[in-house]
Amino acid sequence: MQELNNRFNEQIIEFLKSSAALDPKNNYKLFSVEDICLLVDKFYPEDFSDKEKTYLRFQLQHYELDVPSHPKLTNMSSIVDLCQGLVETEKSTIYPLIDRLIRLILTLSVSTTTTERAFSAMKIVKTRLHNWMEDDFLANYLIVYIEKEIAERFIIDMIIDDFYSMKERRAQLN
């Protein structure tokens, strides 16, 4: 617990506890309509309108009675399995707001990691010497820096050809 407390702040711990309400383990034992609604209110206020939040509560109440008794959706071990199961059984079309919430939770770690990578790269790239870069140039430079593996496959001649195809140039580079 001490390690978790050192690694994650209170808000992240609260998010993890709240998102556990969607965990399908033990036949949806942790499922809680109230906890899920609080999760949406606190962590996804911009992703759901007020009308959708009201409708989500109704979906959750129906979901609570329907999904745990569905033969293909019992014995799920993770939220990823649940998401796949909802699609396979077409319950994702019956419960679109729940499906959206599950997908938001599942993609959070990816989007957070990408953001953290970008800020780490910016610390390296935006040095005192590079401090006067324009925003567009900095953004393009960061993309190339972050996606080094892709950028290494570029061939100089390809870049020059693309540069020429943009518009007519006065000087020839090759």
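1. Basis. Local features in this predicted model need pLDDT of at least 70, side-chain atom pairs count only at pLDDT 80 or more, and totals for chains, interfaces and linings use all residues. Residues are numbered from 1 along each chain as its sequence is written, and side-chain values use heavy atoms, with hydrogens and water left out.

2. Aromatic pairs. There are two aromatic pairs in the structure (rings of Phe, Tyr and Trp, the last by its six-membered ring, with centres within 6.5 Å; planes under 30 degrees apart are stacked, over 60 edge-to-face, the rest tilted). The ring centres of Y63 and Y95 are 5.5 Å apart and the planes stand at 85 degrees, so this pair is edge-to-face. F31, Y63 and Y95 make up one aromatic cluster.

3. Leaving aside neighbours within four places in sequence, Y63 has contacts (heavy atoms within 4.5 Å) with Y28, F31, P68, L82, L86, Y95 and I98.

4. Core. The largest nonpolar core has 29 residues, of which L22, Y63 and L101 touch the most other members (a core is a set of buried Ala, Val, Leu, Ile, Met, Phe, Trp, Tyr and Cys residues joined through side-chain atoms within 4.5 Å). Helices α4 (33–43), α5, α6 and α8 each supply at least two residues of this core (helices are DSSP runs of H or I, at least four residues, numbered from the N terminus). The most comes from α4, with six residues.

5. Helix α6. In α6 (residues 79–88) the buried residues are I79, L82, C83, G85 and L86. After α6 comes E90, with a positive phi near 65 degrees.

Conventions:
Buried < 20%, exposed > 50% of the residue type's maximum accessible area, 1.4 Å probe, protein only.
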